[in-house]
Amino acid sequence: MKYLSGFVLFVAAALLLHNARQSEAACGYESCPKTKSNMINIHMVPHSHDDVGWLKTVDQYYYGHKSNIQHAGVQYIIDTVVSELIKDPKRRFIQVETSFFAKWWQEQPETVKQVVKKLVNEGRFEFTGGAWSMNDEAAVNYQSVIDQFSLGLKWLDETFGACARPRIGWQIDPFGHSREQASIFAQMGYDGEFFARMDHRDKNNRLDNLAMEMIWDASDNARDALRVLTNLPEGEFESCLQLNISECAFTQDSADNVVVTLFNPLAHTSSQYVRVPVKEENYQVTDEKGRLVASEVVPVAWQVLALEYRQNTTQHELVFKASVNKIASYYIKKVDKVESKEIVLPKAAKKSVKQNEKNLEVPQRFKKVHSMQNVETHADDDSETVVQTSEIKLVIDNNTGRLKTVEMNGVSEAIDQNFAIYETYESGAYVFRQKEDVDLKFLEDKVEFTVYDGALVKEVHQQFSEWISQVIRIYEGVNRVEFEWLVGPIPTDEDTAREIVTVFDSEISSNGVFYTDSNGREMIKRVKDKREDFNPDLGRQPISGNYYPIVSRIALEDSNKRIALLNDRAQGGTSMQNGQLELMLHRRLIRDDGYGVGEALNEQKYEKPLIARGKVYLILNSVKESTKVERVAEKEIHLPFSVFFSKGSSQSSSAVAKTLPSFDDFPQSVHLLTLEPFTDDEILLRVENFLDHIEGNVVSFNIRPIFDGVGGVAIRETTLDGNLPLSEMKRFKFHHDASGHSPAEVEYFTTAHKPLAAVESQEASDFSVTLHPMQIRTFIIKKK
Ligand SMILES: [Zn+2]
């Protein structure tokens, strides 16, 4: 099943359509001026685009404030568009960003609203795109794209009805275009997409070959989309926004008798490790039933404690493994000290370490296994340090202090992980532009490291340079290696900016081929120095020309082994050498790149250049094994438990959790993409089979329990955005030139399956849902 194939992208400035009859209403294509046959008819339609926040805030753009920064005032554009449209019925305008239009609409008197409704119904004022904003396509997760389209299209539908439903995607400003975005448009029933920015070589090639129009096969999988419940138990909840540097005022002051409430946004029960900043060393964790949960206290890396703006009242993290279906609470209590202390102040404490870290204490059960300070003269058989859980064995080279070998999933591979620096000059916010003849500089100093060998977690704390450090972690029962990096402030000087990457070097012979995700969903094959449709000629920019957006995953393999890196944020990434994967972590630049932002990328916080911290995860596997584990890990990383803290009353969250429908009966590959209020008496439900046709199968399940669980009386299926009944979806079917097919009449794609529609009195079997690999289905449940 491939009903997405045949999705058309127009790159030209005009949409050419003949005799297209959409509906009886005189809006849409029907309202276009009459075309003349045997001629190319070009319709010129003015449009506007303004960013929903870029150089100025959304409100500054809308009201036209701060014209010195950028001359833009969206309200005046819409005002004048409306008055000009009224003057001449032949005039047309297309509006793209619904957020700006909705703001304008709110401020209009009823008379103006009536005029605009008429313009919309006559097809003179038309919406294209129609999402809340024109989203970026490189660095965003598909889930967010779907959500913001749902919001924009819903507003249009509620305000104007069918004539405001966009038929064309309008992505003229994003710097590059993703296959997933095209696929999302198709699943929302759009006929095509316009875009403007693309690789100039690709564009020239298309101009030469009259290929500015193209049909994009937007998916490798058959198809037809998660998100979260927002309910939480009553009570005073505190979330801590700086848990990444182990800072939480709440637990710092009251780690004795703290309730940790965890919300799991995934459909299925998930087991994840939770880390809570604590002051002392001895705690006891119990679950809602009062059962003791294994826990241990781990020292926070001294480089984190040394951050000047961090309050250092907590120097440890309490680690425990939580298993959560939807919502669960865990109780933390301080207990009597049982162990004595050992002081392990890092001897190489840099000048940035403040005085009070001298008293840093680590519980004795953590063996400080190794430190480079002590091995400089060692060159004997003690040249490696092994760190191991039941699943994973890591070997650290004592001479370099870096990772040397990884063993997991029955596979062993030499993997050297290091940080490296691009010294650049002309790079900017939009452009990564290396200096010619300057190679990537790998860090060469010996890495100081310390191993903390706990029962639940093993940690290797590494110091690479004065401003680069890392903690490598492996948890008992978790089949991936975590690298938590800390980079910055990056030093720069007059003519050298610096851009920092992490590099994983293996002996896997990947032959220049690697795989990157498209908006966190399907994987796309990349070949170094190559493009599918044109010759990229990367002579001048060999590195950046091979950089791709990595929203969730980059991988490579040979006939035996595969390594995948998963990230916690969108980054640039590449594979410049066989067996090597690279991710850009942090950049500090000295020049504006001339593409509009008008300043160098050199952000400050606490009056210092930024320090960044994030995580990269490594999975090593045999190629014979399914990449399903990567998909599951991707979901856990993208949608981890939300962590809330409250004071220690023993209020149970299970009562609240019971009022929510159960998703336990979903097949394991089914992801609950969305379950949220749609209107006052409707709920939007989206389910996705997140495995592809190689990793998984067609799955069927019944959603009657969910329908009943939310008090449903009727259910209907819609396009991906939730606003158009799927039975009404009808988008143009285009044929490749080479297909030899030239239909006499306009052909349409309609839904490939019978849309689900049912009411309360029907049999449970009428609520059965089948999902093909990677398919997303969207439903609106009407409540009592
Ligand atoms: Zn823009």
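Predicted model: local features only at pLDDT ≥ 70, side-chain atom pairs only at ≥ 80, totals over all residues.

Trainee: Why is the contact between Lys118 and Glu122 called a salt bridge?

Mentor: The closest N and O atoms of Lys118 and Glu122 are 2.9 Å apart. The cut-off is within 4 Å, so the pair qualifies.

Trainee: And what makes Glu122 partly exposed?

Mentor: Glu122 has 28% relative accessibility. Buried needs under 20% and exposed over 50%, so 28% falls in between.

Trainee: What do Glu459 and Arg473 tie together?

Mentor: Their side chains meet in a salt bridge at 2.6 Å, N to O. Glu459 sits in strand β23 (residues 457–465) and Arg473 in strand β24 (residues 468–475), so the bridge connects parts 14 residues apart in sequence. Both residues are buried, too.

Trainee: How do you know that Glu682 and Arg716 link distant parts of the chain?

Mentor: They form a salt bridge, with the closest N and O atoms 2.9 Å apart. Glu682 is in strand β39 (residues 682–689) and Arg716 in strand β41 (residues 712–718), 34 residues apart.

Trainee: Is Glu682 buried or exposed?

Mentor: Buried: its relative accessible area is 10%, and the limit is under 20%. Arg716, at 32%, is partly exposed.

Trainee: Which residues do shared partners join into one network?

Mentor: Arg275, Glu317, Glu459, Arg473, Glu482, Glu484, Arg613 and Lys615.

Key. Residues numbered from 1 in each chain as written. Heavy atoms only, no water. Buried < 20%, exposed > 50% of the residue type's maximum accessible area, 1.4 Å probe, protein only. Helix = DSSP H or I, 4+ residues; strand = E, 2+ residues; numbered from the N terminus.
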